[in-house]
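Me: I have a model open and would like to go through it piece by piece. Can we start with the terms?

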Amino acid sequence: MGISAGRKRKTKRWTVIFMMLGVIALLIGGGILFSAPGRREVGRLTFGDVDFKKLRNGIYVGQFTGTKDHFRDTKVQVTIRGGQISDIQILKGALDKQGKPLELKRGQSIADLFGHVIESQSLQVDVISGATLTSKAHLKALENALKQAQSE
């Protein structure tokens, strides 16, 4: 009788473990399906031409707001001095609770991405591998700010 009761407890324990794993798998799968339209939207973002030779001095704010979801909504502020980008600040997006850029992959952050933009004075920079969608959303917000800075 003792052996049978022990087997029943082990069986119940494994049943509970498998049920928990099933619930976790459903939650992950549901999250992936729920966020798919937003991920596709950001993945399909294209960038227009920004004439970096015609930037007016000043401070400009640009944002990207998703239409499918708002997981990657971003807002940035760009400072133009001497006709060139001198500073880019993230106002909304990949920031931690203290307002500092989040480390995304391999120690890189959007601040590093924006550093490459400032260095090259171009939006044609490599995105952060493993954070492509987040990178693209922030670059789109920056493009929107730079379009305001272009002189006609």
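Reply: Helices (H or I, at least four residues) and strands (E, at least two) are DSSP runs, numbered from the N terminus. Two strands pair if DSSP finds at least two bridges between them. This is a predicted model, where local features need pLDDT of at least 70, side-chain atom pairs count only at pLDDT 80 or more, and totals for chains, interfaces and linings use all residues. Residues are numbered from 1 along each chain as its sequence is written, and side-chain values use heavy atoms, with hydrogens and water left out.

Me: OK. How many helices and strands are in the chain?
Reply: The chain has three helices and three strands, in the pattern α-β-β-β-α-α along the sequence.

Me: In what order do the strands form the sheet?
Reply: The order is 1-2-3, in an open sheet with antiparallel pairing. Strand 1 (58–64) and strand 3 (84–92) are at the edges with a single partner strand each, so one side of each has no neighbour in the sheet.

Me: How many bridges join strand 1 to strand 2?
Reply: Seven, with strand 2 covering residues 74–81. Val61, for instance, has Gln77 in strand 2 as its bridge partner.

Me: Which strands does helix 2 touch?
Reply: Helix 2 (residues 110–120) touches strand 2 and strand 3, where contact means heavy atoms within 4.5 Å. The direction of helix 2 makes about 160° with that of strand 3. Axes are lines fitted to C-alpha atoms, for helices over the stretch in contact, and angles run from 0 to 180 degrees between N-to-C directions.

Me: And helix 3, where does that lie?
Reply: Helix 3 (residues 132–149) lies across strand 1, strand 2 and strand 3, at about 140° to strand 1. Of its 18 residues, 13 are buried, so helix 3 is largely enclosed by the rest of the structure. Buried means under 20% relative accessible area, exposed over 50%, partly exposed in between (1.4 Å probe, protein chains only).

Me: New topic: which residues touch the most other members of the largest nonpolar core?
Reply: Val78, Ile85, Phe114, Leu142 and Leu146, out of 30 residues. A nonpolar core is a set of buried Ala, Val, Leu, Ile, Met, Phe, Trp, Tyr and Cys residues joined through side-chain atoms within 4.5 Å. Helix 3 gives the most to this core, with eight residues.

Me: Last one: where is confidence lowest in the chain?
Reply: In helix 1 (residues 2–43), with a mean pLDDT of 73, while strand 2 is highest at 97. pLDDT is the predictor's confidence in each residue, from 0 to 100.
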